[in-house]
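Please view the structure first.

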Amino acid sequence: MAEVTVTPQSSLADRPVQVKIRGLSPSQLVTLRASLTDERGDRFQSRTFFRADGAGEVDPGLHAALGGSYAGVWPMGPFWFLQPDNPFRRLVKRDVASSPFLVRLEVFDGLLLGPPTPQAQPLASCEAERWFVGPGVQRMPVREGRVRGALFVPP
């Protein structure tokens, strides 16, 4: 039974996480897809191909991606290489204090080149929370003359 995990499951957006896939067959080809929907409803995703090691595991920090959104060893690759489904869209987070980005990670058998069909069910999936403001941080609007911004004050 395949399993994908993100450790820690909830973290600040600028902190590294570890993605691991376990329970695969040795040398099995899989597609790791990461996706999120922003506050405007635009979807961003990365899709990367891996071959499981002899123990049936994949770790993007140890195993090189064979292609897709990126190639090579990139521990945070599934998150860093998110691309918009609609060209020229930018990933923007306006409400940074009260909600995280929810990044869904899914593992598919074989090479998934297009959107998954109804028959292509993921072998495993999980969600990671990526926060932009830590617990207890206060956001204070700044309006002084022509200056506009926000001051984030630690607890």
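Buried means under 20% relative accessible area, exposed over 50%, and partly exposed in between (1.4 Å probe, protein chains only). At 54%, W80 is therefore exposed. W74, at 35%, is partly exposed, and F81 is partly exposed at 23%.

The model is predicted: local features need pLDDT of at least 70, side-chain atom pairs count only at pLDDT 80 or more, and totals for chains, interfaces and linings use all residues. Residues are numbered from 1 along each chain as its sequence is written, and side-chain values use heavy atoms, without hydrogens and water.

The structure holds four aromatic pairs. Rings of Phe, Tyr and Trp (its six-membered ring) pair if their centres lie within 6.5 Å; planes under 30 degrees apart are stacked, over 60 edge-to-face, the rest tilted. Two of the pairs are edge-to-face:

| Pair | Centre to centre | Angle between planes |
|---|---|---|
| W74 and W80 | 6.0 Å | 80 degrees |
| W74 and F81 | 5.4 Å | 85 degrees |

Ring pairs join Y70, W74, W80 and F81 into a cluster.

W80 also lines the largest pocket, as do F79, F101 and R130, among others. The charged end of R130 sits over the ring of F79, 5.2 Å from its centre, and K93 lies over the face of F101 at 5.3 Å from the ring centre. For such a contact, NZ of Lys or CZ of Arg must be within 6 Å of the ring centre and within 35 degrees of the ring normal.

Notes: 1 Å grid on protein atoms, 1.4 Å probe; cavity = no way out; pocket = protein on both sides within 12 Å on 5 of 7 lines; lining within 4 Å.
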